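Have a look at the picture and then read on.

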Amino acid sequence: MSTVILFVAATVILVIGSIATFYLLRHNTDFPISLESFNTDDLKHGITYAGDLEGNPVFIQFHEKVDGRYGHQGDDIPPSLRLWLPSIIDADFRITRENKGDKAAKKLGISQELQTGDEAFDQLAYIHTHSPSLMENFLFNPENRAIITHLFEQGFTRLSHNGKALEVESRPFSTGNFSQPTFIRSNLEKLLKLSRNLASTAPGREGGGLFVWKSFRLLMILLAWLILFAGLGLMFYSINVYMPLDSWDFFKTSFPFSLALTFFYLSLAFIVLKKRSSAHRDLGHIGLVSMLGFPPLVFGMALFANGQLDNSSVEEHNMPVLYKNIRHSKNSTTYIVTVKSWRPMHETESLQVEKETYQSLEPKRDRLKISTARGYLDYEWLINVSPQILSENTNLSSPSNHSSGPGTFLQH
C-alpha cells in the first residue's frame, strides 16, 4: 500500500512540476522591447514581445503563414498579428467585420445584434457579446466607435475581450503593408485608450436572465457533444454484440427517427438562443454536432433494443460455404466468407470472420453453423458462427471442434 501511495504522490508532484515549468518557460519567452524603435520589420514568428506603454504592459505576437496538412491553399493558416494588454474587467465581447452570414441571420430573426444608431459603424462592425448593457454604454461613446473603425481601417479584423485582456488581431497580416515605424505603437495607443474607456464605463445590470441564458447555452452545446460521443459508443458496441443481418436496411429504418429528434433538438436550441448576437454561430455549431450525433445514437439504441430485449428462440442454420475472399485496405485486412442464404428473397450471406477461421475453410466442401435470433424489432441478428471442417471421408453434418464466435454480416 505504501508503495502505491508513494507512486501516486510522485506522479502528482511530477505533473505539478511539469505544469509549473511550462508556465515559467512560457513566461520567460516574452522578449522585452522598446516601443520607440520597434516596428513590423522586427517581427519574428512565434515570439511574444513585451513592452511598456505609459506604465502599462503591452504584448505583441506575430505568426507566419502555416501551410495546410494536405497541401491545398484552402487549408493554409494565414499570417496574423496580435496586440493585447491586460484588462481585468467583467466584460465579454468580440467585434468583427459584419459579413453576409451575419446580415442574413439578422434578417431571418435568428440573431439580434446591438445597434448603436451610427449607420456607418453598424454596417461595418458586428458585435458578439453576452454583456449587452455594458457594450451599449461603451459604444454609445463616439470616440470608442471611431477608434474601432480606425483599427479596422488599419487592417485589423477582430477586437475582443475575455475578462482578462483586450486584444486586437489582424488576419491575414502582411508586414510589407505596414512597415511604418509608428504602426505598432500607434495602434497600441488606440488599444490602451479603449481599455481605459472600457474600465470607466459603468456596466448596466445584466440581470439573472443573462446567467440563465449562458447556462442553457452551455448546456445545449455540451449535450450535443454528449449525444455524439454516446451515440458513437453505443452504436459500435451494439454492432459488435447484436449485429443484424440487414444492418443497412435497419439504419435506413432508424434514420427518420433521428431526423425528427435532430429537428426537435434544433428547435429547442433556437428557442433558447434566438435574439442573441451569436445565436446563428451557436446554432450552426449545435446543428452540425447534433446532425452527426443523433443518427448513430438512434441506430445504436435500436440495435441494442433489438438484441437485448429479444426473447425469441435461437435458430441454427447449417449452410455450405460457397466462396471466400480477402479485402485489403490501407490499415487492415478483412476476411470474408460467403454462404448460401437460408432466408427468402436472399441468395447469399457474407460474413466477416477471423483469419484462422478463414484459412481453415474450404469452399464447396465445408459448412458454417450459423446461430441467429429473430430480433425484438424483427431484424434477425447474428449470435454465433461455428465452422464445420469436413474431410473427404466426413459426413457433411458432422461439426468440427473449431468456433469463430460472432461474425459480421455484409449485406448482399
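Two strands are said to pair if DSSP finds at least two bridges between them. Strands (E, at least two residues) and helices (H or I, at least four residues) are themselves DSSP runs, numbered from the N terminus. Please keep in mind that this is a predicted model, in which local features need pLDDT of at least 70 and side-chain atom pairs count only at pLDDT 80 or more, while totals for chains, interfaces and linings use all residues. Residues are numbered from 1 along each chain as its sequence is written, and side-chain values use heavy atoms, with hydrogens and water left out.

Eight strands build an open sheet with mixed pairing, and their order is 1-2-3-4-8-7-5-6. Strand 1 (31-32) and strand 6 are its edges, as each of them pairs on one side only.

For Thr 96, the bridge partner in strand 7 is Arg 158. As background, strands of a sheet pair through backbone hydrogen bonds, either parallel or antiparallel.

## A helix across the strands

Helix 4 lies across strand 5 and strand 6, and runs at about 145° to strand 6. (Axes are lines fitted to C-alpha atoms, for helices over the stretch in contact, and angles run from 0 to 180 degrees between N-to-C directions; contact means heavy atoms within 4.5 Å.)

Which residues of helix 4 (residues 132-140) are buried? They are Leu 134, Met 135, Phe 138 and Leu 139. Because these residues cover an arc of only 115° around the axis, they sit on the same side of helix 4. The arc is that of the directions from the helix axis to the C-beta atoms. Buried means under 20% relative accessible area, exposed means over 50%, and partly exposed is in between (1.4 Å probe, protein chains only). The cover over the buried residues of helix 4 includes strand 5, helix 3 (119-124), strand 6, helix 5 and helix 6.

## Charged pairs

Side chains of opposite charge can pair when their charged atoms come close. In a salt bridge, a side-chain nitrogen of Lys or Arg is within 4 Å of a carboxyl oxygen of Asp or Glu. The whole structure holds 14 salt bridges, and the table shows some of them.

| Salt bridge | N to O distance |
|---|---|
| Lys 193 and Glu 143 | 4.0 Å |
| Lys 252 and Asp 249 | 3.6 Å |
| Glu 349 and Arg 343 | 2.8 Å |

Lys 193 is partly exposed at 35% relative accessibility, and Glu 143 is partly exposed with a relative accessible area of 35%.

Lys 252 and Asp 249 both belong to helix 8 (residues 247-273), three residues apart, which is about one turn of the helix. Lys 252 is partly exposed at 43%, and Asp 249 is partly exposed at 28%.

Are Glu 349 and Arg 343 buried or exposed? Glu 349 is buried at 2%, and Arg 343 counts as buried at 11%. Elsewhere, salt bridges with shared partners join Arg 82, Arg 158, Glu 167, Glu 169 and Arg 171 into one network.
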